[in-house]
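Please read them with the model open beside you.

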Amino acid sequence: MSKTKEPSPTLTVLTIAEVSFRISFIDSPPGTYESWYLPFLASSSSDQPSRSAIDISVHRERATRSDAPIVFESGGAWNMQMDPEGYRLNFHREGTQHHHTIACSDVGTKEVRLYIDQDEDELSPPLESRLSGTRLSPIRYPLDQLLLMNHLSPLGGVIVHAAGMVIGESAVMCPGASGAGKSTLSQLFMDADLGDALLSDDRVVLRRWPLERQVSRSASRVREAWREKIGVWGSPWPGDAGVARNRAAPLDAVLFLRKADTNELRPLSPRAAVRRLMPVVTCPWYDPERLPGVLETCSHVVESNPCYELLFRA
């Protein structure tokens, strides 16, 4: 008697800032994504440019218990443990401490084993689908952002609370905390029919601009440009203006936003700029081994690009 062939895992590819999330659903359907994720989805890992990858396998089986120390508590829906093998992210539903999703990754966050529906009966339909009739993919905010943060930090990549826009062939980044005016400024662009220039109205990703994109230069000048250029990528994490575009451009200026009664542009020194930048950087402060690359990138951003405070009338 021939053995029953096991069904092949369903593969989904999500690409953010040229990092491919290669997601294999072992014993559950892949689910759907909110509309702002759609530009970042691909039918295969070769459909979008990628410089590195995070391989994720999704399971409904029970995860083993971990007594590793908690290194970060979000104060909300998740916490993080760290042991010699890597990170463990535990998510729980509002009002409970029962974990519904657990993500276990290696130290480099290149391989992740994701356990879903941990507070459900393995044979019952997921709670989310019973309540809404639909099943959203488990690889979405905030899990995807946390995995990307841990993956990129050793490579000098950072996620910034900022609006971003492309002007000509270069990007302008406008960092700011909640309420600073990121979505307001983005809406002003859209009202002026300049919405296509926007990358994001809430979060962008910074990393080294790819060497192969430096064109029409000698080899020595290309190497120098590689050291100098930082790229800005859009992300699938929009703010109130709903801007989430999968495109990128090399950074050319940084404008720190502040709502005011006047429109004014004030130059900032690199020292003043980095003090404004660090509070809006999503960074693994809990892991000292990952901080040097992040700090180097932030320093490079403010030292190699003009920085200003932009006061503007909302």
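1. Leaving aside neighbours within four places in sequence, I23 is in contact with T10, L11, T12, L14, Y33, I56, V58 and I139. The model is a predicted one, and the remarks below should be read with that in mind.

2. I23 belongs to the largest nonpolar core, which has 36 residues. Within that core, L14, F21, I23, I56, L89, I139 and L148 touch the most other members. Two or more residues each come from β1 (10-16), β2 (19-25), β4 (52-59), β6 (78-83), β7, β9 (111-115) and α2 (143-152). The largest contribution is that of α2, with six residues. Another core, of 27 residues, lies apart from this one; L206, V232, L251 and V254 are among its members.

3. Helix α2 is mostly covered, ten of its ten residues being buried. These are L143, D144, Q145, L146, L147, L148, M149, N150, H151 and L152. The list includes D144, Q145, N150 and H151, so a general point applies to reading it: an α-helix has 3.6 residues a turn, so residues three or four places apart point the same way.

4. Nine strands make up an open sheet of mixed pairing, in the order β3-β1-β2-β4-β9-β8-β7-β6-β5. Its edges are β3 (41-42) and β5 (70-73), each of which pairs on one side only.

5. Strands β7 (residues 86-92) and β8 (residues 99-106) are antiparallel and share seven bridges, with R88 opposite C104 in β8. Strands β8 and β9 are also antiparallel, joined by four bridges; S105 has V112 in β9 as its bridge partner. Four residues separate β8 and β9 in a hairpin, and T109 in the turn has a positive phi of about 50°. Strands β4 and β9, in contrast, run parallel, with five bridges between them, and D55 stands opposite E111 in β9.

6. Is H59 buried or exposed? H59, in strand β4, has a relative accessible area of 6%, and therefore counts as buried, since the cut-off is under 20%. Its side chain makes a polar contact of 2.9 Å with the side chain of S57. A further polar contact, of 3.3 Å, joins the side chains of H59 and R113. Not counting residues up to four places away in sequence, H59 touches I26, D27, R113, L114, Y115 and I116.

7. For the protein overall, there are six helices and 18 strands. Of its 314 residues, 50% count as buried. The accessible surface comes to about 15700 Å², and carbon and sulfur atoms account for 52% of that. Among contacts with a separation of 6 or more, 66% are between residues 24 or more positions apart.

8. The average pLDDT is 86, and 85% of the residues score at least 70. The highest mean is 98, in strand β12 (residues 198-200), and the lowest is 48, in helix α4 (residues 219-228). Over residues 213-226 the pLDDT is below 50, and this stretch has 16 contacts in the model beyond near neighbours in sequence.

Methods: Residues are numbered from 1 along each chain as its sequence is written. This is a predicted model: local features need pLDDT of at least 70, side-chain atom pairs count only at pLDDT 80 or more; totals for chains, interfaces and linings use all residues. Side-chain values use heavy atoms; hydrogens and water are left out. Two strands pair if DSSP finds at least two bridges between them. Buried means under 20% relative accessible area, exposed over 50%, partly exposed in between (1.4 Å probe, protein chains only). Contact means heavy atoms within 4.5 Å. Accessible areas come from the Shrake-Rupley method with a 1.4 Å probe; for residues, only the protein chains shown count as cover. pLDDT is the predictor's confidence in each residue, from 0 to 100. A nonpolar core is a set of buried Ala, Val, Leu, Ile, Met, Phe, Trp, Tyr and Cys residues joined through side-chain atoms within 4.5 Å. A polar contact is a pair of N or O atoms within 3.5 Å; within protein, one must be able to donate a hydrogen and the other to accept it, and residues adjacent in sequence count only if both atoms are side-chain atoms.
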